[in-house]
Amino acid sequence: MTPIDFSCAASRHIHEECGVFGIFSPESTQLAPLMYYGLYSLQHRGQESAGIVINDDGVFTSYRDVGLVNDVFSQQRLRELGSGSIAVGHVRYATTGSDHKNNLQPLIINHHKGRMALAHNGNLVNAPKLRRKLEMSGSIFHGTSDTEVIAYLLTQNRLISPDIETAVCRTMEQIVGAYSLVIMTHTKLIAARDPNGFRPLCIGELPDGNGWAFASESCALDAVGAKFVRDVQPGEIVIADHNGLRSIVDHCGTAPHTMC
């Protein structure tokens, strides 16, 4: 039996373990080129695959494939992604036995409360336990990454939560390990970082105040002309939507507040 790779990169070595990038814009625009430049600047974090999902008023258009960013995304492919107001992207670290296309990110999640796209950097120490529990309850896995475990938990929690923020909080209470997440819904872009802050994640403001960006490293912000604002704090959830930028810290019961 082939062993399951539950991490974005082999845990026996120290790796960058993937790069995540996301953009929120108040108006629909050509986000694909910006996503390309952001992911290209994060190429050192992952060379196995690259993916982008563009959200145009709730309609998700995506493309993911094995290879470097400039191989996966030609000019024609970027044009086909179209315009949108929110986008999320991912580059994945190459590891032996982990190049199955079902492991490519971002993952797109469908449920009756709407669609989500998830990009994940890191690994969970309790992924095998969570996966077994999910499988015993009827969940069917298509890949071997712990990102899919997060996706199932996020979906379950969203179905019983009043909003996506609460669902993310509840999911973070269940998972243990080093991770940073960028999650896109039809109206919001959300960034979350593990309580120990093992995986990097930062916030940027787009030129002329025309939106926000979340990235594994500030070099991606520089690539799209965004201004570095600050790092996402350990255990923090940051939400970008048409109401601006908001932060949730600590636990699900914490009320969100508007950021300065």
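What follows is a short briefing, grouped by topic.

This is a predicted model, in which local features need pLDDT of at least 70 and side-chain atom pairs count only at pLDDT 80 or more, while totals for chains, interfaces and linings use all residues. Residues are numbered from 1 along each chain as its sequence is written, and side-chain values use heavy atoms, with hydrogens and water left out.

**Aromatic pairs**

- A pair of aromatic rings is described by the distance of the centres and the angle of the planes.
- The structure holds three aromatic pairs; rings of Phe, Tyr and Trp (its six-membered ring) pair if their centres lie within 6.5 Å, and planes under 30 degrees apart count as stacked, over 60 as edge-to-face and the rest as tilted.
- Y36 and Y40 form a stacked pair, because their ring centres are 6.0 Å apart and their planes stand at 20 degrees.
- About one helical turn separates Y36 from Y40, because they are four residues apart in helix α1 (residues 32-41). Helices (H or I, at least four residues) and strands (E, at least two) are DSSP runs, numbered from the N terminus.
- Y36 is buried at 16% relative accessible area, whereas Y40 is partly exposed at 47%. Buried means under 20% relative accessible area, exposed over 50%, and partly exposed in between (1.4 Å probe, protein chains only).
- Ring pairs join Y36, Y37 and Y40 in a cluster.

**Around Y63**

- Y63 and F73 have ring centres 6.1 Å apart and planes at 75 degrees, so this pair is edge-to-face.
- Y63 belongs to strand β3 (residues 59-66) and F73 to the loop between α2 (69-72) and α3 (75-81), so the pair ties together parts ten residues apart in sequence.
- F73 is buried, with 2% relative accessibility.
- R77 lies over the face of Y63, 3.7 Å from the ring centre; a charge sits over a ring if NZ of Lys or CZ of Arg is within 6 Å of the ring centre and within 35 degrees of the ring normal.

- F214 sits in strand β10 (residues 212-215) and is buried at 0% relative accessibility.
- Not counting residues up to four places away in sequence, F214 touches several residues, including V20, F21, L189 and A240. Contact means heavy atoms within 4.5 Å.
- F214 and A240 are 26 residues apart along the chain, and their C-alpha atoms are separated by 9.5 Å.
- T185, in the loop between β7 (177-184) and β8 (189-193), is buried at 7% relative accessible area.
- Leaving aside neighbours within four places in sequence, T185 is in contact with N55, F60, I86, R115, M116 and I164.
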